[in-house]
Amino acid sequence: MRRSPAPGYELDDDRERIDVDAVHQFLAIESYWGLGRSREVVVAAIEGSIAVTGLYFHDKQVGFARVVGDGVLMAYLADVYVLIPHRRKGLGIELVRFTVEEIGMADMYWALHTADAERLYAKFGFQRGPIGFPIMERAWRPPLRWACRPAGSG
């Protein structure tokens, strides 16, 4: 699935399009959560994820997000970033919206950890976990096809 959030930009969930070297560069050198992460670990994490999203500017990767989970009930949003020159344009919001709500997993229970982007994730229903625990959660919303009949209804 692809979508253009702004002129020149594209969101894409095609795993084959991910620029692993660009993702590794950011995570291992620029992020606070993945400092020193090896390229091999980045490759394995991408391969082991149930979904990945790339943010591209004129076909160059400038953002990324990945989803860990079972693909049915639970999802964990990880390694979300937008490169500094592309921030403050609403692209982080669109990257999260696309990943969480538009590629078929919106109804799952979601969790993530963040030290600096709580306001961004709150826009999508994520709330801070128990005091002192740095996790944010988004309540599970069972799809209508999973609706249960009241007890005794037959």
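This report describes the fold, one stretch of strand pairing and one surface patch of a protein.

The model is a predicted one.

**Overall make-up**

The protein has four helices and eight strands. Along the sequence they follow the order β-β-α-α-β-β-β-α-β-α-β-β. The chain counts 154 residues, and 42% of them are buried. The protein exposes about 8800 Å². Carbon and sulfur atoms supply 56% of that area. Take the contacts between residues at least 6 apart in sequence: 53% of these join residues at least 24 apart.

**Strands around β8**

Strand β8 covers residues 135–138 and pairs with β6, residues 109–113. Strand β7, residues 127–128, also pairs with β8. The table sets out both pairings.

| Strand pair | Direction | Bridges | A bridge partner pair |
|---|---|---|---|
| β6 and β8 | antiparallel | four bridges | Leu-112 and Met-136 |
| β7 and β8 | antiparallel | two bridges | Arg-128 and Met-136 |

**A nonpolar patch**

Val-72, Leu-73 and Met-74 form a nonpolar patch on the surface. Together they have about 240 Å² of accessible area. Val-72 sits in the loop between β4 (60–69) and β5 (74–82). Is Val-72 buried, exposed or partly exposed? Its relative accessibility is 46%, so Val-72 counts as partly exposed. The cut-offs behind this are under 20% for buried and over 50% for exposed.

Definitions and conventions:
Residues are numbered from 1 along each chain as its sequence is written. This is a predicted model: local features need pLDDT of at least 70, side-chain atom pairs count only at pLDDT 80 or more; totals for chains, interfaces and linings use all residues. Side-chain values use heavy atoms; hydrogens and water are left out. Patches are made of residues with over 30% relative accessible area and no salt bridge: like charges are joined within 9 Å, nonpolar side chains (Val, Leu, Ile, Met, Phe, Trp, Tyr) within 5 Å. Accessible areas come from the Shrake-Rupley method with a 1.4 Å probe; for residues, only the protein chains shown count as cover. A salt bridge is a side-chain nitrogen of Lys or Arg within 4 Å of a carboxyl oxygen of Asp or Glu. Buried means under 20% relative accessible area, exposed over 50%, partly exposed in between (1.4 Å probe, protein chains only). Contact means heavy atoms within 4.5 Å. Two strands pair if DSSP finds at least two bridges between them.
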